[in-house]
Amino acid sequence: MTKYWLLRLLIPVAARAPWVAYGLAAPAGWIAWHGRGRLRETLTQNLMPFCDDDRRSANREGRRACQNVVRYWIDMMTLARRDMREFERRHLTVENEGLAWPLAETGPVVIVSAHAGNPEMGAMAVTSRRREYVALVEPL
C-alpha cells in the first residue's frame, strides 16, 4: 500500500520533471538495495551463477538491477507526457529502414525485439505510428 501512494505522489513530478526523477533513480535504487535485506540476499543468490560465484560481483549487479528497476518505473511514469516520435528518433534504431514499410501499411505486423532496456518504450514508439499492438512475453 505504501508503494501505491508513493507512486501516486511521484507520477506528477516525474511526468513534469523527468530529469529530476532520473537523477534520483540511482540513489533510490541504492536505498532499496541496502534497505531491503531479503531482496538483497535473493538477488545476490540469483546472480551468483552469472557472476562466476563471486559474491562481490553479484552484489554490484544486484544493486544495479535495483537502480534499473527504479528507472523502469520512471519510464512508466513519464509515458503520458513523452513525445514518442522524438523518443523513437533519438533512441531506437531500425537497422534496415527498407524493412520498416509494414509499419505504414494496414494489417498485422510481427515485430521481434532484442532489447537492452525497457521494451514498453519501443512498443509505445510503434503506437506513435498509429499502430495498435499486442505484446507476447515469456515469463522469466
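**Close-up views of a predicted model**

**View 1. Glutamate 132, an exposed residue after H6.** Glutamate 132 counts as exposed, since its relative accessibility is 80%, and exposed here means over 50%. Before going on, please keep in mind that this is a predicted model. To find glutamate 132, look in the segment after H6.

**View 2. Helices H2 and H3 meet at a crossing.** Here we look at H2, which covers residues 18–35, and H3, which covers residues 37–47. Two packed helices are described by the angle and the distance between their axes. For H2 and H3, the axes come within 5 Å and cross at roughly 95°. The two helices are therefore roughly perpendicular to each other, because angles of 65 to 115 degrees count as such. On the H2 side, the contact is made by Ala32, Trp33, His34 and Gly35. On the H3 side, the residues taking part are Gly37, Leu39, Arg40, Leu43 and Thr44. Sorted by class, the contact has four nonpolar residues, four polar ones and one charged residue.

**View 3. The second largest pocket and its lining.** This pocket has a volume of about 650 Å³. Its lining is made of 22 residues. Which of them lie nearest the centre of the pocket? They are Leu6, Leu7, Ala28, Val70 and Trp73. At least two lining residues come from each of H1 (2–16), H2, H3 and H4 (55–78). H4 gives the most to this lining, with seven residues. In terms of class, 19 of the lining residues are nonpolar, one is polar and two are charged.

**View 4. Threonine 78 and proline 18, two residues in contact.** Threonine 78 lies in H4, while proline 18 has its place in H2. Are these residues buried or exposed? Threonine 78 counts as buried, because its relative accessibility is 3% and the cut-off for buried is under 20%. Proline 18, with a relative accessible area of 23%, is partly exposed. If we set aside neighbours within four places in sequence, threonine 78 is in contact with Ala14, Ala15, Pro18 and Tyr22. With the corresponding neighbours of proline 18 set aside, proline 18 is in contact with Val13 and Thr78. Another pair to look for is proline 18 and glutamate 88, which are 70 residues apart in sequence. Their C-alpha atoms are 17 Å apart in space.

**View 5. Aspartate 52 and aspartate 53, with positive phi.** Most residues other than glycine have a negative phi. Aspartate 52 is not a glycine, yet its phi is positive, at about 55°. Aspartate 53 likewise has a positive phi of about 55° without being a glycine. Where do we find them? Aspartate 52 is in the loop between H3 and H4, and aspartate 53 lies in that loop too. Aspartate 52 is exposed, with 72% relative accessible area. For aspartate 53 the relative accessible area is 57%, so this residue is exposed as well.

**View 6. The buried residues of H6 and what covers them.** H6 spans residues 119–127. Which of its residues are buried? They are Met121, Ala123, Ala125 and Val126. Their cover includes H4 and H5, the latter made of residues 84–91.

**View 7. Alanine 100, a buried residue in a loop.** The loop between H5 and H6 is the place to look for alanine 100. With a relative accessibility of 10%, alanine 100 counts as buried. How far from isoleucine 111 is alanine 100 in space, C-alpha to C-alpha? The distance is 9.9 Å, and the two residues are 11 residues apart in sequence.

How values were computed. Residues are numbered from 1 along each chain as its sequence is written. This is a predicted model: local features need pLDDT of at least 70, side-chain atom pairs count only at pLDDT 80 or more; totals for chains, interfaces and linings use all residues. Side-chain values use heavy atoms; hydrogens and water are left out. Axes are lines fitted to C-alpha atoms, for helices over the stretch in contact, and angles run from 0 to 180 degrees between N-to-C directions. Helices (H or I, at least four residues) and strands (E, at least two) are DSSP runs, numbered from the N terminus. Angles under 35 degrees count as roughly parallel, over 145 as roughly antiparallel, 65 to 115 as roughly perpendicular and the rest as oblique. Contact means heavy atoms within 4.5 Å. Ala, Val, Leu, Ile, Met, Phe, Trp, Tyr, Cys and Pro count as nonpolar, Asp, Glu, Lys and Arg as charged, and the others, Gly among them, as polar. On a 1 Å grid over the protein atoms alone, a cavity is a set of points where a 1.4 Å probe fits but cannot get out, and a pocket is an open set with protein on both sides within 12 Å along at least five of seven lines; lining residues have an atom within 4 Å of a point. Grid points are joined across faces, edges and corners, and a volume is the space filled by probe spheres set on the points. Buried means under 20% relative accessible area, exposed over 50%, partly exposed in between (1.4 Å probe, protein chains only).
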